[in-house]
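Hi everyone, thanks for coming.

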Number of protein chains: 2
Amino acid sequence: MKAIILFGHGARDIRWREPFDRLAGLWRSQHPGIPVELAFLEMMQPSLEEAVAALAALGAKSITVVPVFFGQGGHLRNDFPALLKECQAQFTAVTLSATPAVGEDLAVLQAIVDFGARAL
Amino acid sequence: MKAIILFGHGARDIRWREPFDRLAGLWRSQHPGIPVELAFLEMMQPSLEEAVAALAALGAKSITVVPVFFGQGGHLRNDFPALLKECQAQFTAVTLSATPAVGEDLAVLQAIVDFGARAL
């Protein structure tokens, strides 16, 4: 079974996670056969490890981690690959893979441009 | 004249800004009559103040600031309004306004869901 993790930075303010909860809700309504978990690099739960554990417990064999970040800086170039490697070593029955950051996707950028244009 | 500022967090790694540069490029190609500047909260230039100054120098009278953030945490709820207020006090010939964070926009979230779905 495939599964997906939407991986964000995390923040002190609990309200910061609202769009992430909304993202997970959209995913569940549109892709009900593919379990989704949120995960956060810091300051919020669950961690990537906890999210992988939850999906593995559901029977996921292949998990794609989508970094919900705009830019690919130190967090995604250094912290994230190390974290992913640790998780892969810990959960040997699961195959973990990762996409580029969502900010690399032209359709995501176009949606931001359109949002700005509507606001003028 | 209207203008727009795409306002991001900033990061140490210069490559983090690549999607922001791409966003500004998309804006320029699609909305050539509405000048755009990037601005960053920290660790990258230009600052919001510098971006407002640049657009005011071009003749902008009304500037919309679009926070290119997912969640609305402390940065957007506290730091950003204070910064915007300071800029407004400094540039009295310009009317500054701000949109919610782009992560509040359903079309942006949908583009992220679609990106994840294509990656599976």
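**The sheet, a helix pair and the interface**

Let's start in chain B, where 4 strands form an open sheet in the order E2-E1-E3-E4, with parallel pairing. Keep in mind that this is a predicted model. Now, which strands stand at the edges of that sheet? They're E2 (36-40) and E4 (95-98) of chain B, and each has a single partner strand, so one side of each is left without a neighbour in the sheet. On average, neighbouring strands here are turned by 25° against each other, if you ignore direction.

Zooming in a bit, E3 (residues 62-67) of chain B pairs with E4(B) in the parallel sense, over 4 bridges. There you'll find B:Val65 opposite B:Ala98 of E4(B). Then there's H2(B), which packs on the sheet and touches E1 (2-8), E2, E3 and E4 of chain B. The direction of H2(B) makes about 165° with that of E2(B).

H2 (residues 48-57) of chain B also meets H3 (residues 74-90) of chain B: their axes come within 10 Å and cross at roughly 35°. The crossing is right-handed. Who makes the contact? From H2(B) we have B:Leu48, B:Glu49 and B:Val52, and from H3(B) B:Leu83, B:Cys87 and B:Gln90. By class, that's 4 nonpolar, 1 polar and 1 charged residues.

Last, the two chains together. Their contact takes 46 residues from chain A and 46 from chain B. On chain A's side, the largest share comes from H4(A), with 12 residues. Sorted by class, that side has 23 nonpolar, 12 polar and 11 charged residues.

Notes
Residues are numbered from 1 along each chain as its sequence is written. Chains are lettered from A and ligands numbered from 1 in the order in which they are written. This is a predicted model: local features need pLDDT of at least 70, side-chain atom pairs count only at pLDDT 80 or more; totals for chains, interfaces and linings use all residues. Axes are lines fitted to C-alpha atoms, for helices over the stretch in contact, and angles run from 0 to 180 degrees between N-to-C directions. Helices (H or I, at least four residues) and strands (E, at least two) are DSSP runs, numbered from the N terminus. A crossing is left-handed if the near helix is turned anticlockwise from the far one by less than a right angle, and right-handed if clockwise. Two residues are in contact if their C-beta atoms, placed from the backbone, lie within 7 Å. Ala, Val, Leu, Ile, Met, Phe, Trp, Tyr, Cys and Pro count as nonpolar, Asp, Glu, Lys and Arg as charged, and the others, Gly among them, as polar. Two strands pair if DSSP finds at least two bridges between them.
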